[in-house]
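Trainee: Could you go through the strand pairing and the helix packing here with me?
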Amino acid sequence: MNGEYSLLIEFVHRHLDFHDAELLSILELHGINNGVDCHFRPLPVGVSAQTSELRRPFKILSFASSAIGGQFSVSDGNDGEKAINLVSALARCTLIRSVVELWGAGTDMEACVKAIQNGNSLQRHQVGKHLGSNAKKYEDRTWKISVHTLGTTYTREEQSDMRYKFSFLAFPGKVQMKEPDDEYLFIREVELDSQGGAVYPRHSGVNREIIPENDARPPLACYFGRVLGSMGRNWRSQRIEQYSLKKRSYLGPTSMDSELSLIMTNLALIKPGTVCFDPFVGTGSILLTAALRGAYTFGTDIDLRVLRGRSKTENIYSNFRQYNLSPPELVRCDNAIYRRHFREHLPLFDSIVTDPPYGIRAGARKSGARKDGEVRPILDEHRYDHVAQTKPYAVSDVMADLLNVAAMTLKMGGRLVYVIPSMRDFNEDEDLPRHECLLLVSVCYQPLQTELGRRTVTMEKIGEYDEKKRSFYLQNTWVNGIESAEKVANIRQKLLEAAKKRPGYEEKAAIRKQKRKATKDAKKKAKREAQASEQDGIGS
């Protein structure tokens with residue numbers, strides 16, 4: 001421990017399956033080699049903890065002490081172009097709440113205190129080399145100690161008693177509660193459920209009385225350290241709120257939420273100067289976050305209406321103007337016939353990030369006549385406003401074409417990140433689409449309903465595309481053929497079938513039908529009244 005510099009990474013308690021994948025992508029993006037430059041240490045575990053299925057929102061990431069202040073920096077200032085600033089690197093991670101310079105950790109308060117006393121963190125902080133050349137002297141630094149108790153509430157007096165345990169540190173500077181130079185943080189970790197609440201709550205839900213048996217349970221772990229970064233423990237809230245869908249001028253029913261799209265751009269290793277492509281661009285929410293990362297953005301969609309938007313002030317470009325970003329390049333294109341639109345086998349993109357249509361809220365379409373027969377030619381004067389005919393696009397073909405286009409157009413080492421919805425019977429080992437040129441990097445699951453969830457899949461190009469094997473690639477996309485493809489097809493119908501099996505479905509469906517009819521009748525009535533009023537005005 002003394003030869004190491006350890007960081008305690010605290011995640012938000014949501015998107016639990018994404019924590020490791022996003023963090024590893026951030027490390028790779030900044031040239032930090034896990035296993036060489038750093039490694040993960042196991043978290044302390046209390047003897048009473050049930051850890052078999054426990055998802056913990058913490059990671060301990062350790063570096064060699066000699067590398068801090070040289071290869072790596074943790075200061076708020078600029079320590080030179082060569083040093084990788086760990087604070088700014090980790091701050092890009094969407095799901096990180098805070099990063100703490102870990103001074104001590106243990107299964108309880110006493111073990112945590114002993115770890116600090118046996119370590120060299122205080123002495124290192126007194127010397128201050130890792131703080132940067134512009135840092136204040138140790139004796140002049142203001143400070144405070146915060147207490148964080150996950151899922152439990154303690155009185156001010158109880159928190160003061162916890163702080164007193166660290167009085168032996170005897171910091172010489174002044175106490176400053178608002179924006180101190182150093183914020184020290186004590187964390188008492190307990191077992192949390194999937195929603196972030198305590199598995200064994202300290203207080204009852206009604207009367208807020210202490211539950212003795214739960215209060216007597218030892219913590220899962222205790223940590224103490226110095227919070228890094230000028231934002232303290234508020235690394236992400238302002239950023240997520242700033243890019244919220246609620247604040248955008250142009251939205252559609254399938255717009256990707258800002259948090260997940262930010263995570264996807266990290267999984268895709270997007271950085272300034274790279275080129276990002278979305279073949280199912282829709283309202284452009286994914287390209288917007290890619291542009292926020294500094295990428296040049298390019299999007300296509302078969303629906304000309306969504307590309308044009310509602311008006312000159314409500315379209316994809318208006319969202320980019322809202323955030324002062326360079327506009328994307330947009331082209332009406334059918335991904336099913338990508339080869340007819342663009343040059344074949346020409347690696348263009350550093351990343352492809354997309355949310356393909358699966359028919360839950362918007363069905364997939366491709367070019368073609370709805371009915372068999374000859375397609376009528378379009379007159380020149382009608383071409384500008386003409387919306388070409390489309391027909392249903394099978395999900396199995398959507399995924400086969402997507403992976404094939406990615407293998408063909410990604411640069412070597414480029415990444416494909418996409419979202420795929422699935423029911424509970426989905427088997428990741430057999431039911432995910434595959435491609436010989438693409439390596440599966442990670443699969444992150446997000447539950448949405450009891451029966452439904454979605455997986456965010458990351459793949460990396462590892463082999464050159466062979467045009468002669470195109471048919472082979474397409475035929476071998478699904479491990480079990482049509483059986484695997486059907487697992488992600490007709491999701492809407494499967495949800496309806498599952499809903500019909502629940503008690504009371506028919507009654508609820510009848511109520512919803514009545515409400516829809518009442519709303520429709522009210523709109524018709526309002527329209528008739530408006531027309532009658534207009535006619536009266538003309539007559540008078």
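Trainee: Okay, which residue in β11 does Val275 stand opposite?
Mentor: Val275 stands opposite Tyr296 in β11, where strands (E, at least two residues) and helices (H or I, at least four) are DSSP runs numbered from the N terminus. This is a predicted model, in which local features need pLDDT of at least 70, side-chain atom pairs count only at pLDDT 80 or more, and totals for chains, interfaces and linings use all residues. Residues are numbered from 1 along each chain as its sequence is written, and side-chain values use heavy atoms, with hydrogens and water left out.
Trainee: How many bridges join β10 to β11?
Mentor: Four, between residues 275–278 of β10 and 296–301 of β11, and the two strands run parallel; strands pair if DSSP finds at least two bridges between them.
Trainee: And what is the strand order in that sheet?
Mentor: This open sheet of seven strands runs β12-β11-β10-β13-β16-β18-β17 with mixed pairing, and its edge strands, each pairing on one side only, are β12 (329–332) and β17 (438–447).
Trainee: Which strands does α9 lie across?
Mentor: Helix α9, residues 285–292, lies across β10, β11, β12 and β13, at about 170° to β11; axes are lines fitted to C-alpha atoms, for helices over the stretch in contact (heavy atoms within 4.5 Å), and angles run from 0 to 180 degrees between N-to-C directions.
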